[in-house]
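This note concerns the pockets of the structure shown below. Please read the numbered points alongside the coordinates.

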Amino acid sequence: MSVQERKQRERADRERLIVATARELAEQQGWDAVTTRRLAERIEYSQPVLYSHFRGKREIIGAVALEGATEMAAALRAATSAADGPRARVTALARAYLDFAERNPAVYDAMFQLDGGLAFAHEDTPEPLKDGFAALLESLGEVAGDGVHPALFTEVFWAALHGLATLTRAGRLPPAEAERRVELLVDRLAVI
């Protein structure tokens, strides 16, 4: 391995460490606790080293969001691949989405609540975000109904899932009815 390859590998390792540490700190204490100073202390590098990877917290949030989008897409695909038939796939997708949001609140916030400097629904949208939407569209497109654009239907269904995830986490919806909400969403929105 050349010196340049070793340096590139070390740089990539440091970047992964910064993102993992930010994610861990945010999950434990919230995003307000994630500062460049605290990250530098935790990873045992100076702040200038941290800034050589990310210009600031916004870019770190963006990196966490991209990582989260990749993980969410994999979770959605895993859940839907095990389901038999359109209704079962859509139900599995909804459950997997809500489960991901519940298990990863700081990552979910980075993806959908905080400014990570990422473009959504644009030509320059990063691939992990496009793939996250594609993972939704793969199952939802088939139940959009006649005359309904599959991507538009996916946006509406996704918005409903996001609303359920956000309101449940905020304590605005009683947890005892979570499964009935999923069933109602699937029954009323999806044409199966």
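1. Phe120, Ala121, Leu129, Phe133 and Trp158 lie nearest the centre of the second largest pocket, whose lining comprises 14 residues. A pocket here is an open set of points, on a 1 Å grid over the protein atoms alone, where a 1.4 Å probe fits, with protein on both sides within 12 Å along at least five of seven lines; lining residues have an atom within 4 Å of a point.

2. The model is predicted: local features need pLDDT of at least 70 and side-chain atom pairs count only at pLDDT 80 or more, while totals for chains, interfaces and linings use all residues. Residues are numbered from 1 along each chain as its sequence is written, and side-chain values use heavy atoms, with hydrogens and water left out.

3. The second largest pocket holds about 230 Å³ of space, a volume being the space filled by probe spheres set on the points, which are joined across faces, edges and corners. Its lining has 10 nonpolar, two polar and two charged residues (nonpolar: Ala, Val, Leu, Ile, Met, Phe, Trp, Tyr, Cys and Pro; charged: Asp, Glu, Lys and Arg; polar: the others, Gly among them).

4. Helix 7 (127-140) is among the helices that supply at least two residues of this lining, and helix 7 gives the most, with five. Helices are DSSP runs (H or I, at least four residues), numbered from the N terminus.

5. The largest pocket has a volume of about 320 Å³. Leu98, Asp99, Glu102, Thr168 and Ala178 lie nearest its centre, and helix 5 contributes the most to its lining, with five residues. Eight nonpolar, one polar and six charged residues form that lining.
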